[in-house]
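Okay, thanks for coming, everyone. Let me put the structure up on the screen, and then I'll walk you through a few spots in it.

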Amino acid sequence: MNFKALLFFKHVILCCVCVFGDKLTEYVQKSALLRACIDNATHAFIGCVVAEITLHSLKYQVSHQEYCLLLFVALIVSSFIDLDHFIEARSFSLQDATHLDRRPFLHNSAICLATFLLLILAKRFADIKLTLFIAMVFIALSTHHLRDATRRGIWIKSPFQDSNTPALPYAVFLGLVNIIPHVVHHVLTNTFSSKTNAPNMKLVELV
Ligand SMILES: [Zn+2]
């Protein structure tokens, strides 16, 4: 399968994970725990697929071990973001965590914007491994926030303002979540092209 066909296939998989995960979350109404697990697993899989598309579409890649580790970072961070519900509720109860009267702090999309700025700064000043790590965190945050935004909108809180958009149309979410790997790829490609002469950098061409 050539690269473009494979990339297209991965985007189809990404859309299927989004739609199937959300339909399944809607379908499971009786068990709150099962519903929460499916919802969280969907976040994790979306983050992982977006990370995979991003890393695989790079002309150069890190070692296989680092590649797996980066996918794991995207998967875990995408999932663990929802732990802030429990922290905010100060309770281990799922009932308390899912019935907050405010959005929990890791769902503030100002963090997402700050991480993207950090990624751009890392591109300029940090080493490639740290840049890739930040890229995975950004992917996890942005995909998680966008998916949650289909239900609750995008929340941005800063010392100057506190605003919440209306719920994001599902088609907009699907479009944006498919664009994210290409935005991150663009940033990372500039990183690699500006640092390909750096010593100690072991890059393996896989495609
Ligand atoms: Zn969430």
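So, Cys 48: is this residue buried or exposed? Cys 48 has 24 C-beta neighbours inside 10 Å, and the cut-off for buried is 20 or more, so Cys 48 counts as buried. Keep in mind that what we're looking at is a predicted model.

Where does Cys 48 sit? You'll find Cys 48 in helix 2, which covers residues 32-56. And what does Cys 48 touch, if we leave out residues up to four places away in sequence? Its contacts are Leu 71, Ala 74 and Leu 75. Now look over at Phe 160: that residue is 112 residues away from Cys 48 in sequence, and the two C-alpha atoms are 34 Å apart in space.

Let's stay with helix 2 and see how it meets helix 7. In general, you describe two packed helices by the angle between their axes and the distance between the axes. For helix 2 and helix 7, the axes come within 9 Å and cross at roughly 135°. That angle makes helix 2 oblique to helix 7. The crossing here is right-handed. On the helix 2 side, the contact is made by His 43, Ile 46, Gly 47, Val 50, Ala 51 and Thr 54. Helix 7 brings Ala 135, Met 136, Ile 139, Ala 140, Thr 143, His 144 and Arg 147. Sort the residues of this contact by class and you get seven nonpolar, five polar and one charged.

Helix 7, residues 128-152, also meets helix 6, residues 109-125. Their axes come within 9 Å too, and they cross at roughly 155°. Helix 6 and helix 7 are therefore roughly antiparallel to each other. This crossing is left-handed. Among the residues making the contact are Ile 111, Phe 116 and Leu 119 from helix 6, with Ile 134, Phe 138 and Leu 141 from helix 7.

Last stop, helix 1, residues 3-27. As a general point, an α-helix has 3.6 residues a turn, so residues three or four places apart point the same way.

That's my tour, thanks.

Definitions and conventions
Residues numbered from 1 in each chain as written. Predicted model: local features only at pLDDT ≥ 70, side-chain atom pairs only at ≥ 80, totals over all residues. Axes fitted to C-alpha atoms, helices over the stretch in contact; angles between N-to-C directions. Helix = DSSP H or I, 4+ residues; strand = E, 2+ residues; numbered from the N terminus. Parallel < 35°, antiparallel > 145°, perpendicular 65-115°, else oblique. Left-handed = near helix turned anticlockwise from the far one by under 90°. Contact = placed C-beta atoms within 7 Å. Expected span 1.5 Å × (residues − 1). Buried ≥ 20, exposed ≤ 12 C-beta atoms within 10 Å, placed from the backbone. Nonpolar A, V, L, I, M, F, W, Y, C, P; charged D, E, K, R; others polar.
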